[in-house]
Amino acid sequence: MKDYTKMNILELQANLSNLQERYNKFKSQRLNLDMQRGKPCPEQLDILNGLIDCLSSEEYRTLDGTDCRNYGPPAFLDGIPEAKELFSQMLEVSPKEIIIGGNSSLNLMHDTIARAMLKGVFGSEVPWGKLPKVKFLCPSPGYDRHFAICEFFGIEMIVVDMKCDGPDMDAVESLVAEDEEIKGIWCVPMYSNPQGITYSDKVVDRFARMKTKAADFRIFWDNAYCVHHLTDKPDRLKNILYACKDAGNPDRVFIFGSTSKISFPGAGVSMIAASESNINFIKKQMSVQTIGPDKINQLRHVKYFKNMEGIRAQMKKNAAVLKPKFDAVLEILERELGGTNVGWWNKPNGGYFISLDTLDGCAKRTVAMALEAGVAFTKAGATYPYGKDPRDRNIRIAPTYPPIEEIRKAIELLCICVQIAGIEKLIKEKESYV
Ligand code: PLP
């Protein structure tokens, strides 16, 4: 394949006019495609319809006989026992180390930070919100809604680069060791959004052991994609809670998860896991906020999935729907961009996204051109705090929702735009040398 960075101006111009012709042909098709949505497609939801009607009107009791149609008992503030049993297995903690929440883990993350700002976390001497400044480390590219929570609470965000096995731990360790205002870090440790990276054991151990200037520092470990494998050789993630306990920092981590992309997004079950001290501290505060979560939905999920085997079987069905879509994206990226040196991407073993990097300074132009030709991609910059990608190069591809034929068209167009933006930049650079 042609390496554009090795071409002279004439060769680049010839390629550019060829690509512009292809671009114009796309434009004349008047496409109207949306590649922004990181959500399950209708086929994935259809194979889950049994979840809606798996409870009969006689089945509203937990194993211990509690009537889930009513409030309480207070002991179920943190979920019904069978849901705690099932989802503690999913997050690899004990049932005493988990709280089952409502329909959204993002909601739990938001509330966890809200409580920390108002009251502090277990062991805090001062509520975070009473301090002159609170900062969070944000490995980037990352999940825009994490960054939005920080922005909402006025928490200053510090970008940390992502490496192929997790965040740049040299940077993380030196920052948290020196700055007491750094109270937390966002992590999507498995099949990260958007790069699909799974943190290595070494990274997990460094997180568990690192010295933090803030005694009440917390890792926000959003394990949203913990069972979302796409291949038969899934990634493996070391258990952070146990690593923290081994390192003598048992209270360092809050783990989040949900069934949003296992069952129905927005109608699933969420969870937070942590040390027993953290969990008891949170439960006390939560008892003021709610009498308890939706027990019927928890019961429905337990009845439908039964056990971890049931969840794994469901995720295999999801993978059968999603893998051809991911493969289509990867095949077109390779065909169009392989060896060009104007585009680089990851090949994830799971999760919901593929991340594409353009030449520096070309992501915004690429996404704008694609939009002009009728295909909307996630806004360039969205994967960085404050919506500002310092190198303007990262684009998130969400292949799960659209039908495969739309994906093929959209990705081919995207690749054309990446090449046009890249070649334009290379020509400009060469012209400035002349
Ligand atoms: N965390 C990550 C990393 C996500 O990518 C998403 C959704 O895209 C969520 C959380 C949202 O989860 P929930 O629906 O449980 O709020």
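**Charged pairs, domains and strands**

Modeller: Arg-206 forms a salt bridge with Asp-170, and their closest N and O atoms are 2.6 Å apart; the term stands for a side-chain nitrogen of Lys or Arg within 4 Å of a carboxyl oxygen of Asp or Glu. The two residues belong to distant parts of the chain, with Arg-206 in helix α7 (residues 201-209) and Asp-170 in helix α6, 36 residues apart. Please keep in mind that this is a predicted model, in which local features need pLDDT of at least 70 and side-chain atom pairs count only at pLDDT 80 or more, while totals for chains, interfaces and linings use all residues. Residues are numbered from 1 along each chain as its sequence is written, and side-chain values use heavy atoms, with hydrogens and water left out.

Colleague: And how do you decide what is a helix or a strand?

Modeller: Both are DSSP runs numbered from the N terminus, helices being H or I with at least four residues and strands being E with at least two.

Colleague: Is Arg-206 buried, partly exposed or exposed?

Modeller: Arg-206 is partly exposed, because its relative accessible area is 23%; buried means under 20%, exposed means over 50%, and partly exposed is in between, with a 1.4 Å probe and protein chains only.

Colleague: How many salt bridges are there in the whole structure?

Modeller: The search of the whole structure finds 27 salt bridges. One of them joins the side chains of Glu-97 and Lys-245, at 2.5 Å from N to O. That pair also links distant parts of the chain, since Glu-97 is in the loop between α3 (81-90) and β2 (98-100) and Lys-245 is in helix α8 (residues 240-246), 148 residues apart. Glu-97 counts as buried because its relative accessibility is 5%, whereas Lys-245, at 34%, counts as partly exposed.

Colleague: What does Glu-181 bridge to?

Modeller: The side chain of Glu-181 meets that of Lys-135 in a salt bridge of 3.0 Å, N to O. Glu-181 is in the loop between α6 (169-178) and β6 (182-187), and Lys-135 is in strand β3 (residues 135-140), 46 residues away.

Colleague: Which residues form a salt-bridge network?

Modeller: Arg-22, Arg-335, Glu-336 and Glu-412 are linked in a network of salt bridges.

Colleague: Changing topic, what are the domains?

Modeller: The assignment gives domain 1 (4-45 + 312-433) and domain 2 (61-306), with bounds that come from an automatic or database domain assignment. Their C-alpha centres lie 31 Å apart, and the contact, which means heavy atoms within 4.5 Å, takes 26 residues from domain 1 and 31 residues from domain 2.

Colleague: How much area do they bury between them?

Modeller: Domain 1 and domain 2 bury about 2,500 Å² between them, 64% of it on carbon and sulfur atoms; buried area is the accessible area (1.4 Å probe) that two parts lose on being put together, summed over both. Met-315, Asn-349 and Tyr-386 supply 26% of what domain 1 buries against domain 2, more than any other three residues.

Colleague: How many salt bridges are there between the domains?

Modeller: The count between domain 1 and domain 2 is 0 salt bridges, although there are 8 residue pairs in polar contact, both at pLDDT 80 or more. A polar contact is a pair of N or O atoms within 3.5 Å; within protein, one must be able to donate a hydrogen and the other to accept it, and residues adjacent in sequence count only if both atoms are side-chain atoms.

Colleague: Which elements of domain 1 give two or more residues to the side that touches domain 2?

Modeller: Those elements are α11 (308-337), β11 and β13, and α11 gives the most, with 7 residues.

Colleague: Last topic: what is the strand order in the open sheet?

Modeller: Its 8 strands run in the order β2-β9-β8-β7-β6-β3-β4-β5, and the pairing is mixed; two strands pair if DSSP finds at least two bridges between them. The edge strands are β2 and β5 (166-167), each pairing on one side only. Within the sheet, β7 (residues 218-222) and β8 (residues 253-258) run parallel and are joined by 4 bridges, with Phe-220 opposite Phe-254 in β8.
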